[in-house]
Amino acid sequence: MMSKLRIFFLCFTLQFLPLFSEDAFFGTSLSQFRENTKTIQLENGLTVVMMKRGTSPTVALYIKFLVGAVDETPEESGTAHLLEHMLFKGTKSVGTTDFQKEEKYQKQIEVWGTELDDLKLKRRDLLTRGEIVPKALEEEIETLNRRLKNLIQLQDEFIVKNEDSYIYEQNGEMGFNAYTSQDVTNYQIQLPNNRIEIWAKIESDRLKNPILREYYTERDVVIEERRMRTDDVGGAVLREKFFSTAFESHPYRKPVIGYSAEIPYLKIEETKAFFERHYTPNRMVISVVGQFDFLETEAIIRKYFSDLKPGKPRPPYKIEEKSFPGEKRFKVLHPSASQMMMGWIKPPYPHKDNASFDILSSILTSGTGSRLYKRLVLEEKLVLNIGAVNGYPGERYKNYFVFFISPNEGVDPNKIETIIWEEINRIGQQGIPKEELEKVKNQMVSDFMKTMDKNGTIADLLSYYQLLYGDWSGLFSQYQTIMNTSSSDIQSLIPKYLTKDLVVIGVLEDIRKK
């Protein structure tokens, strides 16, 4: 949360306020920010946040959907991320030389690809039970494999790869990209401000007429991506194991990219259904930031996005994570440098304790003067680095306050853990001196001033807060809570959350050293 806040307030301060002055800054900045920002909601539920700023004739255009890995069922694990990939594959008019001729191959690929997946699952189940796979089943799988490859080759003659990227490049794009997290899926671009209608036409078409062409090829790409970025990376393996251990029931326990055993069997029809269920205007926010005309831009967005079909409101999420008393520990063996994670479950924003955790994070690990950095890195020389993250792995539901630790070679993790507990308990018993607390708060503000001023950053934040919390001005509410946080507020975290019977500790050992 704080990283988003820091960047945001830097951007705003540089734009409007030459000097910072605590309460005056808060009141004045929110008022001036509102003067330059307009929020509208279309009849279908789509929310648009527009902000005028800067002098460059460019705009950042971000589209966010309230859908991520947390919205998947266990069998859908990885679907949100795969769907993000697939929506770059074109539409009925983009990405093809002749969709009428191509369509027959697309339909056959979907039918036979699904049938092939079912047969492969049947074979896997037989092998799992130690049974013999019938020769007829193997032959049928091989036949369908050949058929699918032939159909893909025939369809490929009509596919124009990355045509949307090419169109945008011809119109001066920067930063055309997307990402999927536990909480949201985001699509972004920056363009000259006289190209907004081109963006609206392309992006609305992407939502109205998506064609999931190259589905099986792209699914293989995601399988390889998982191998390279997760399975082969010790830190990623440790994180995945940490959250599968930490969360006992909540979907935050699943990795965004999905599981290696499930990605190969994600079905195209289920991916389509996921799109229909979640990519709806009532779960969507568009943000526009830069130099543009409010009325003209609103008219363009209404022209192209008003006919998106309204979605059904999602009922409240039934599962709430409950951690039973008792520490959780695990060990991972991996051929990579030793690492360690240590964390506790806590409430999300806007709970007031969330802001206290932001400050605690800075006190303990931000900069060379922070308490744990001084003790563990500089004085004891037990670790190469230590950092804390608040609000991991997502911010819509209960999440974790986590330490990420890189021990020096041969160091006993128990020594590191002991010092962390000492510093946490010292805060619980003695609080934080006023001078130290004020220094940390001032450093947070100073960090704003050290960051570049970018339309894209602001567009990202506006859409994020509007989508998750219903009002982009929650940025200011969070900031005010942080500035009002006292030593006793931070002290109260220790007995409430940071206890030994609620901790989750994971250690990655370098298997090469055994």
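Student: What stands opposite Gly387 in S10?

Tutor: Phe404 does. Keep in mind that this is a predicted model.

Student: How many bridges join S9 to S10, and do they run parallel or antiparallel?

Tutor: Eight bridges, and the two strands run antiparallel. S9 and S10 form a hairpin, with six residues between them.

Student: Which helix residues pack against that hairpin?

Tutor: The buried residues of H9 pack against S9 and S10, among other elements. The list also has helix H8 and strands S7, S8 and S11.

Student: Which residues of H9 are buried?

Tutor: Gly234, Gly235, Ala236, Val237, Leu238, Glu240, Phe242, Phe243 and Ala246.

Student: Now aromatics. How many aromatic pairs does a search of the whole structure find?

Tutor: The search finds 32. One of them is Phe242 with Phe330, an edge-to-face pair. The centres are 6.4 Å apart, with 65 degrees between the planes.

Student: Which parts does that pair tie together?

Tutor: Phe242 lies in helix H9 and Phe330 in strand S7, so the pair ties together parts that are 88 residues apart in sequence.

Student: Which residues do ring pairs link into a cluster with Phe242?

Tutor: Phe243, Phe247, Tyr252, Phe330, Tyr392, Tyr397, Tyr400 and Phe404.

Student: Switching to Tyr215. Where is Tyr215 found?

Tutor: In helix H8. Tyr215 is buried, with a relative accessible area of 2%.

Student: What does the side chain of Tyr215 reach?

Tutor: The backbone oxygen of Leu266, at 2.8 Å. The backbone oxygen of Lys267 lies 3.3 Å from a polar atom of the Tyr215 side chain.

Student: Which residues does Tyr215 touch, leaving out those up to four places away in sequence?

Tutor: Leu82, Met86, Leu266, Lys267, Ile268 and Thr271.

Student: And how far apart are Tyr215 and Glu102 in space?

Tutor: 14 Å, C-alpha to C-alpha. In sequence they are 113 residues apart.

Student: Back to strands. How many residues of S6 are buried?

Tutor: Seven of its seven, across residues 284-290. Met284, Ile286, Val288 and Gly290 point one way. Val285, Ser287 and Val289 point the other way.

Student: In what sense do S2 and S6 pair?

Tutor: In the parallel sense, over six bridges. Val48 stands opposite Ile286 there.

Student: And S3 with S6, parallel or antiparallel?

Tutor: Antiparallel, over seven bridges. Val59 has Gly290 as its bridge partner in S6.

Student: Which residues is Ser463 in contact with, beyond its neighbours in sequence?

Tutor: Tyr62, Lys64, Val285 and Ser287, once neighbours within four places are left aside. Ser463 itself is in helix H16, residues 455-469.

Student: Is Ser463 buried or exposed?

Tutor: Buried, with a relative accessible area of 0%.

Student: What polar contact joins its side chain to another side chain?

Tutor: The side chains of Ser463 and Lys64 are joined by a polar contact of 2.8 Å. The Ser463 side chain also reaches the backbone oxygen of Asp460, at 3.0 Å.

Student: Last one, Asn186. Which residues does Asn186 touch?

Tutor: Tyr62, Ile63, Lys64, Asn177, Ala178, Tyr179 and Asp460, not counting residues up to four places away in sequence. Lys64 and Asp460 came up with Ser463 as well.

Student: Where does Asn186 lie, and is it buried or exposed?

Tutor: Asn186 lies in strand S5, residues 185-192. Asn186 is buried, with a relative accessible area of 0%. Its side chain makes a polar contact with the side chain of Gln188, at 2.7 Å.

Definitions and conventions:
Residues are numbered from 1 along each chain as its sequence is written. This is a predicted model: local features need pLDDT of at least 70, side-chain atom pairs count only at pLDDT 80 or more; totals for chains, interfaces and linings use all residues. Side-chain values use heavy atoms; hydrogens and water are left out. Helices (H or I, at least four residues) and strands (E, at least two) are DSSP runs, numbered from the N terminus. Buried means under 20% relative accessible area, exposed over 50%, partly exposed in between (1.4 Å probe, protein chains only). A polar contact is a pair of N or O atoms within 3.5 Å; within protein, one must be able to donate a hydrogen and the other to accept it, and residues adjacent in sequence count only if both atoms are side-chain atoms. Contact means heavy atoms within 4.5 Å. Two strands pair if DSSP finds at least two bridges between them. Rings of Phe, Tyr and Trp (its six-membered ring) pair if their centres lie within 6.5 Å; planes under 30 degrees apart count as stacked, over 60 as edge-to-face and the rest as tilted.
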